[in-house]
Structures are given as C-alpha cells and as structure tokens.
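Hi everyone, thanks for coming. Please open the sequence and the structure side by side, and we will walk through them together.

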Amino acid sequence: MNPAAPASGRLVAYGCLALSMSLVGGYVALSKPLVAAFPVLLLAWLRFGIAALAMPHWLKRTRDEPPMSARTRGLVFLESFLGNFLFSICMLFGVSLTSAVSAGVIMASIPAVVAVASWLFLRERITVRIGLAIGCAALGIGLLAFSPTHAPPTTGGAVGAPSMPWLGNLLVFCAVLCEAAYAVIGKSLTGKLGPKRIASLINLWGFVLSMPFGIWFALQFDFTAVRFGTWALLVAYALAASIWTVWLWMTGLRHVPAAQAGVFTVLLPVSAALVGVLVLGENLTSPQLLAFAIALVGVVLATWPGRRT
C-alpha cells in the first residue's frame, strides 16, 4: 500500500478495523446464552451454515484477482481451520466454562501473541517494550486463577458440564493463539484475494469441517425447544462472526500494515468485558479488574507506535 495514501482512505480502514474488533468482542460475550441453548459443535455448524446462505455470490472471482495458486489455497484452508473453525470451537467451549469478563482479559493478550508469532514466522524482532507487553499479558492471565468466577449456565447444550473456569480460560487462550494465526495469515491473503472472497471461502471451509459433528448433534437435538429470541441471536451471531467482522478486518488490512492494525485489537477485550458486565449482568471483581488493567497495559505497550527508521 502506498504510504502516501489519502488520509480519508486511512480513516476508513481504521474504522473498519475498530468496528471489526468491537463486533468480535461483542459476539464472544453474547455467545454465552447460545452455548447454554445449543451444543457447541452444533452451534458452530449452524453459524457457518447460516452465513453460507447469506453470501454465495461472494465466492465468485473478480476480474482483477489472479487464479488461486496451490499455496494460496493452502493459506485459505489454514485461515479457516485455525482462525475460523478452531477459534470458534475453543472460544465457544471456553466461554461456557468461564465468564465473559475473564475471556476479555485473556483476549487482551492478542497483540503480544501476534508479536511472538511474527517473531517465529516472519522473523520480526521483539523489542524490550514487546517483551514487557508479553509479561503483562501473562501476569493478567495468571491473576485470573485467583479471582472468583461465576458458575456457567448448566442448561441446554451445557447439561451436566462441571464448572471449570481454569479449563475455560485455557480454551480461550487457545482461541487467542488461533486469532494470532488468523491475523498473520490474513495479511498474506489480502494481497491475493478480495475481502469478500476471503470471507466466503473460509466460512465455506468452516461449514465443511464442522458438518460431521453438526449433523450428529442435529439428529439428537430438539429444535422446537429453542425460543424465537435465541434464534434471532443465533442469526445475528452468525452474520457478525462469519461475514461482517471478517469482511471489515480484511478490508482494513488491505490498507494498513499488520503491526498498526494490531492497535485495534484493544477493542476486542474491552467490548467483551463491557457486554459481560452491562448485558449479561456479570460482576467485575477486584482481581479481575486488576488483571484487566494489567492486560490493557500490555496491549498499549505492544501496539504503541515505535520510531520510524
């Protein structure tokens, strides 16, 4: 991207990135009522299926896009498998076992994890500031082990599930690793495919990967017991998770360097925690508040613009 791009174009890209991360944090928190109504693997399949019905026209290759190479096809599969399928499974199982506030604290480690992934795979140097950010993220996550948590719902898809916040926190952190892979691979794909086609292709792969599990649970699930409000929330969740957030993020990444785009991941844990407190009625305890503050300090350290050389 030309560094001398118009300021208006950069502002649009920034808006796309900010809105994308805000929506991700919101639907991560709002998925708690959904995992109480649906089995997790069935919920993932329904999400991908609903989104697939909404964007079949996005699958077509535009005239300015070159044919996909074998490497691009492999990156599309990895983008879906890690950043779409596994992220959804880990996140949905995780939030069913922990609180939305705790999930928000853990997701504040995304910029630091992206920095580590960049060092491992892109050979980018980790500065002292990035190292301190990683330490803050680890400390914030560690404090969660000593903070009181609310027992998760045990109705619907979570029948008989024990309250294991430590396992929920671990699964959410696995989702963070998947999100970091999603960010690194996504930057490579934006140079080869359009945002709409990327969104449709990775959603289609997610639908295929989750189909065996989805069909198995669907044959045993009583769909008539699900209320209309839950169905409406499911449709909004599917559209936000598979269409809006992916398209917005890929659109912004086309015009903003990956490191700079990492600044906007701060909105993901903030929105997740706010939805947990304001919508789901969770309490922000003192240890959670301290952990959240430390994690956000790590976000600032990881994403603060450095000196230009």
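A quick word on ground rules. This is a predicted model, where local features need pLDDT of at least 70 and side-chain atom pairs count only at pLDDT 80 or more, while totals for chains, interfaces and linings use all residues. Residues are numbered from 1 along each chain as its sequence is written, and side-chain values use heavy atoms, with hydrogens and water left out.

So, the overview. The protein has twelve helices and zero strands; helices (H or I, at least four residues) and strands (E, at least two) are DSSP runs, numbered from the N terminus. Of its 309 residues, 50% count as buried. Buried means under 20% relative accessible area, exposed means over 50%, and partly exposed is in between, using a 1.4 Å probe and protein chains only. Now contacts, meaning heavy atoms within 4.5 Å. Among contacts with a separation of 6 or more, 92% join residues 24 or more positions apart.

Let's go inside. How many residues of helix 4 are buried? Eight of the eight, so helix 4, residues 100-107, is largely enclosed by the rest of the structure. Among them are Ala-100, Gly-104 and Met-107.

Met-107 also turns up in the largest nonpolar core, which has 67 residues. A nonpolar core is a set of buried Ala, Val, Leu, Ile, Met, Phe, Trp, Tyr and Cys residues joined through side-chain atoms within 4.5 Å. Met-107 is one of the residues with the most contacts inside that core, and so are Tyr-27, Phe-38 and Leu-43. Apart from this core lies another, of six residues, including Val-105 and Ala-273.

Please find Leu-43 next. Leaving aside neighbours within four places in sequence, Leu-43 is in contact with Leu-34, Val-35, Phe-38, Leu-92, Leu-234 and Tyr-237. Leu-43 is among the buried residues of helix 2, a helix that is mostly covered, with eleven of its 15 residues buried. What should the span of helix 2 be at 1.5 Å a residue? The expected span is 1.5 Å times one less than the number of residues, so residues 40-54 should span 21 Å; the end C-alpha atoms are 22 Å apart, which agrees.

Now look at helix 9, residues 228-253, where we find Thr-251. Is Thr-251 buried or exposed? Thr-251 is buried, because its relative accessible area is 16%. Beyond its neighbours within four places in sequence, Thr-251 is in contact with Cys-16 and Pro-195.

Trp-247 sits in helix 9 as well, but Trp-247 is partly exposed, at 32%. Trp-247 and Cys-16 are 231 residues apart in sequence and 8.7 Å apart in space, C-alpha to C-alpha. With neighbours within four places set aside, the contacts of Trp-247 are Trp-58, Pro-195, Lys-196 and Ala-199.

Last stop, the surface. Leu-278, in helix 11, is exposed, with a relative accessible area of 66%. As a general point, nonpolar side chains tend to be buried together in soluble globular proteins. Which helix gives the most to the nonpolar patch? Helix 11, residues 267-278, does, with three residues.
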